[in-house]
Each structure stands twice: as C-alpha cells, then as structure tokens.
Amino acid sequence: MVAEHPIHNVRVRTPSRMVSLPSESAQDFLARALAAYPTVHPVVERFRAVGVSRAVELFDPNERTFCLAVIEAWSAQAGADELPPGISELRDSLPR
C-alpha cells in the first residue's frame, strides 16, 4: 500500500472532526457544487482559496447544509458506494 503524499489531500475541518480528501475527490465535489448552485457558492470559494495549504473550515451551519445537500444528491445519483474516497467521511462529519 502506498501512502498518499499530503500535498495531494485537501483537509476539511468540521465541528466534529478533520477529514482528509484526495485532491481528485475535492475537485469532483467542487464540480458538483458548482453545478448545484446558480452562482459560485462561498464553500467553493473557500475550497479554492485554501487549496492544500491549510484546512477548509466548515463551521457555518449554512455552508455545512449546502455541502451535505451536494453530497446527498451525489449519493442519490451515483449510489452511496460509488462516492469517491473521503466524500462519505465528509458527509458523516456534517451535522444533520
């Protein structure tokens, strides 16, 4: 098993824990977030601003709700078992 280099991960801090997403999973999430919202949502701007340099902080309840909605729609479309690595963990860290 090859460990991923940290530069290829995006860290997301939620009220309950820190989640690490492979950069490809984070990019997939951003693409779906952009498709789900008519303008660039603040969550997308936050992900773009921090990249892999520091953690994306999701403490705002509205931003967490948006992320959860994007992930739940994605899961409904693709199937929960088909979500990319880290996305299920992000979903599980977001209060419902």
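1. Let's start where H1 meets H3: Ser-25, Asp-28, Phe-29, Arg-32, Ala-33 and Ala-36 of H1 touch Phe-66, Cys-67, Val-70, Ile-71, Trp-74 and Gln-77 of H3 (contact: heavy atoms within 4.5 Å; helices: DSSP runs of H or I, at least four residues, and strands: runs of E, at least two, both numbered from the N terminus). These contact residues comprise eight nonpolar, two polar and two charged (nonpolar: Ala, Val, Leu, Ile, Met, Phe, Trp, Tyr, Cys and Pro; charged: Asp, Glu, Lys and Arg; polar: the others, Gly among them).

2. A word on the basis: this is a predicted model, in which local features need pLDDT of at least 70 and side-chain atom pairs pLDDT 80 or more, while totals for chains, interfaces and linings use all residues. Residues are numbered from 1 along each chain as its sequence is written, and side-chain values use heavy atoms, without hydrogens and water.

3. The axes of H1 and H3 lie 10 Å apart at about 100° (lines fitted to C-alpha atoms, for helices over the stretch in contact; angles run from 0 to 180 degrees between N-to-C directions). The two helices are therefore roughly perpendicular (65 to 115 degrees).

4. Now the sheet: it is open and mixed, with three strands in the order E2-E1-E3 (pairing: at least two DSSP bridges).

5. Lastly, Glu-63 sits in H3 (residues 61–78) and is buried at 8% relative accessible area (buried: under 20%, 1.4 Å probe, protein chains only).

Key
Buried < 20%, exposed > 50% of the residue type's maximum accessible area, 1.4 Å probe, protein only. Parallel < 35°, antiparallel > 145°, perpendicular 65-115°, else oblique.
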